[in-house]
Amino acid sequence: MIPPFGWKSKDFAIIKHDGLYHIFWTRQNKAPTGPSGLSFGHAVSSDLYIWSQLDTVLTVRPESWDNGHVWAPHVVKRDSVFYMFYTGVTDDSVHAMHQRVGVATSTDLLNWNRLDQPVWSCSQVPWTFCDSLIGAGGNFRDPFVMPNPSAPGEWLMYYTAPPYPSEDVTRMVAGVAGSSGDVTAWSDLGPLWATHYSNTGLETVESVHLHPHEGLWYLFYTTNSFKGLVWATSADPIAPAGKWTHHGTVASMLGIAVSGWFASEILVDGAHQYFCFVNSDRVDMREISWNRNGTFGLMAPALFHVKRILWSSASVDSGASVELRIEATGWFNQVAAIEVLEVDPGGVETLVPPDSVGLPATIPLTGAVTTFPWAARTWPDEDAQPGPEFVVRMYDLTAVSSAINVVPPEPPPPPPPDPPPADPPPPLPQPDPPPSGEDGDRPGEGYDWGFSIRALDGTALGNGPAVLVQMPAPGFARVDLFDVRGRRIRNLAAGELGRGANVLPWDGRTEIGSPAGPGVYFARVVTPRATRWTRVVLRR
């Protein structure tokens, strides 16, 4: 993201909303004597490559506490509201660059409303050097806010400030604050001493941010210019200094020169993670490729990106036609790999095989907008009342549709009752008792007189596992195998099964004949009366 002529970017915030990426960047005038930091630039993109500049947001307020500058935005979302935390600077005849943390709110990322007063300042933190009458005593900036992983609904805020005593004011340290959920009320959780000069030998600490990966928290921050970006890891995001492992510079990890990189942030977009940073005068984005040892490499983002998935209607009658619309960039010679979720009336989502409702797992893209006609179906019961809702999302979780309600047909009126028989019917024959259980169990112990399903690790019918379906009487049954993501990979039976034990071997291959990888799978048996599941382990 290259700023307009005459400007360069300093610290920034990046977030995705409704198929578009948004960057809010601190505007710095390239002219040495020009004003800077008086508002945030705002740019949007659908692919991380082509950016459009929109109106600036959050200009300084001459009569308010943020009359001098606005710096270091960071945006988070809860429910349908965005919260922008930023550093506001008071600059007048009394104060000298007095910095505090403010908050603005928005629902569309275009229009922002600021709280009248700051929500966090050095006067609330006893361990900081706090003297707003001198420049060094006013340093209190760079908020980064994230959900508290130990307390759902609560927040953690990271920021930077000089610790007390006063002779140490040029050496910054990251601080941590906590909120029970109200972003206007914060409590001090102390300094993150792992970032202090006494532990790192680095005096500058700015633009702190954290990211979870494989059970660890990755801490990144900007330090002295010849070092640039540095990183450390810990199992606890607010751990004491001795619980953090320092790994040095991001440049050393990547094996490239990155002296112009600073003020980094990580954007998570579904299954993709992007390391974003200021590169001299602009904001760059690179996709993260994780290594097994916990380091990562960076690569250019893919040009292909699905922006939105839309239904042509919010509701459709079962059997009627409706269109699924896919909007994409870099679409040429690409397919949209989708997943389908059924949403029950309680809001619980269940992955269902796309072909079970008449949708393909992959949809070839034909243009910037691709439409796919769908004859609406329900799963697994066509006559379920009320009708289900379905959501379609990209396999990499980068785009998701709104829910569409499938209205089932009206159930037919019940038939008139049968006349009573002249004579009582003879008793139904009972199934034979099951054989004796293994290891000398008593006959019939644990036996299901309806129908049952269980996995066999191996049978005489093949080298792989098998599914044993016990039927109380001959009848229709469909037996399918699914992987752990809920995708149907193989059908083992679809027709009448005999009374008693039906052994259905699996040769370890998918529906198209390719080998399935070793691991855990799930078998589902559906009959007109009930559905059963069991776990199947494929070994190699």
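**Briefing: surface, core and contacts in a predicted model**

A300 is exposed, with a relative accessible area of 53% (exposed means over 50%, buried under 20%, partly exposed in between, with a 1.4 Å probe and protein chains only). This is a predicted model, in which local features need pLDDT of at least 70 and side-chain atom pairs count only at pLDDT 80 or more, while totals for chains, interfaces and linings use all residues. Residues are numbered from 1 along each chain as its sequence is written, and side-chain values use heavy atoms, with hydrogens and water left out.

**Overall**

- The protein has two helices and 36 strands (DSSP runs numbered from the N terminus: helices are H or I of at least four residues, strands E of at least two).
- Of the 540 residues in the protein, 47% are buried.
- Among contacts between residues at least 6 apart in sequence, 49% join residues at least 24 apart (contact means heavy atoms within 4.5 Å).

- A300 lies in the loop between β20 (296-299) and β21.
- Not counting residues up to four places away in sequence, A300 touches Y49 and R286.
- The C-alpha atoms of A300 and I288 are 9.0 Å apart, with the two residues 12 apart along the chain.
- Y49 also belongs to a nonpolar surface patch with I50 and L303, and together these have about 330 Å² of accessible area.
- Patch residues have over 30% relative accessible area and no salt bridge; like charges are joined within 9 Å, and nonpolar side chains (Val, Leu, Ile, Met, Phe, Trp, Tyr) within 5 Å. A salt bridge is a side-chain nitrogen of Lys or Arg within 4 Å of a carboxyl oxygen of Asp or Glu.
- I50 sits in the loop between β3 (40-45) and β4 (52-57), and counts as exposed because its relative accessibility is 64%.

**Largest nonpolar core**

- The largest nonpolar core has 25 residues, and W374, F390 and V392 have the most contacts inside it (a core is a set of buried Ala, Val, Leu, Ile, Met, Phe, Trp, Tyr and Cys residues joined through side-chain atoms within 4.5 Å).
- Elements giving two or more residues to this core are β21 (305-311), β23 (321-329), β24 (335-343), β28 (389-394) and β29 (404-407); β23 gives the largest share, four residues.
- Beyond four places in sequence, V392 touches residues including I309, W311, L324 and I338.

**H69**

- H69 is in strand β5 (residues 69-78) and is buried, at 17% relative accessible area.
- Leaving aside neighbours within four places in sequence, the contacts of H69 include S36, V60, T87 and M97.

Technical notes:
Areas by Shrake-Rupley, 256 points an atom, 1.4 Å probe, with all protein chains shown as cover.
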